[in-house]
Protein chains: 2
Amino acid sequence: MRTVHYTSVASESVGPEASGVSVRWVISDADGAPGFALRVFEIEPGGYTPRHQHPWEHEVFVLAGEGCVRSASGETRLSEGTAVLVEPDELHQFANPGGVPFRFICVVPNAAYGHGR
Amino acid sequence: MRTVHYTSVASESVGPEASGVSVRWVISDADGAPGFALRVFEIEPGGYTPRHQHPWEHEVFVLAGEGCVRSASGETRLSEGTAVLVEPDELHQFANPGGVPFRFICVVPNAAYGHGR
């Protein structure tokens, strides 16, 4: 069993197709988690993640702030307590058009299950 | 893509070896999530989950309140922002000895990856 406060995990900058985005790999295969990884992302006001798609899913849960997710069919606003399933191969981008940091959990499968970290 | 506020998902009681515990399956294979499921648990003051073990992992993130997780080696206090990896086959129990609801995310693999829901 491993217990850690997410702020104790080093924050890494996400780039180069993102702006103002950092990620903490709070639980990952490096900790002995076999199936998937739990990351916490933070997007600064005006920031955004890459607009991209990939064969693995995302399962997202908003912790703080407000933001949006953009898909091929448009934009959806997100706030604390909202969850998002991004299905495999679905185009997506998260962004923070607001004035305070936008923070969310994003779970992805490990490499053994198709994630190309 | 599916977007939902977790409070819009029906809350189910957890039993019979638990007390004062409810769960919302916020994202699951029923939504087309291939690999794993994101659930939100709430434990009332004095409540607890089953003391058990199973072949699949848990990845937990505390959203609100305070509680604890018990393993074979003792008890660890948990508060908002703390994450817990419960490894496969590890004995565990979550409990709320506090005075306010204890709420956390718990991610599990789908049946295809070994979870016996």
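Along its sequence, chain A of this predicted model follows the pattern β-β-β-β-β-β-β-β-β-β, with zero helices and 10 strands; helices (H or I, at least four residues) and strands (E, at least two) are DSSP runs numbered from the N terminus. The radius of gyration of chain A, taken over C-alpha atoms, is 14 Å, close to the 13 Å that the globule rule gives for 117 residues, so chain A is as compact as a globular protein of that length. The rule is 2.2 Å times the number of residues to the power 0.38. Of the 117 residues in chain A, 50% are buried (under 20% relative accessible area, 1.4 Å probe, protein chains only). Where contacts (heavy atoms within 4.5 Å) in chain A link residues at least 6 apart in sequence, 62% join residues at least 24 apart.

In chain B, H54(B) lies in the loop between β4 (36–48) and β5 (58–64). H54(B) is buried, with a relative accessible area of 6%. Its side chain reaches the backbone oxygen of W56(B) at 2.9 Å and makes a polar contact with the side chain of H92(B) at 3.3 Å. A polar contact is a pair of N or O atoms within 3.5 Å; within protein, one must be able to donate a hydrogen and the other to accept it, and residues adjacent in sequence count only if both atoms are side-chain atoms. Not counting residues up to four places away in sequence, H54(B) touches P88(B), D89(B), E90(B) and H92(B).

Residues are numbered from 1 along each chain as its sequence is written, chains are lettered from A and ligands numbered from 1 in the order in which they are written, and side-chain values use heavy atoms, with hydrogens and water left out. As the model is predicted, local features need pLDDT of at least 70 and side-chain atom pairs count only at pLDDT 80 or more, whereas totals for chains, interfaces and linings use all residues.
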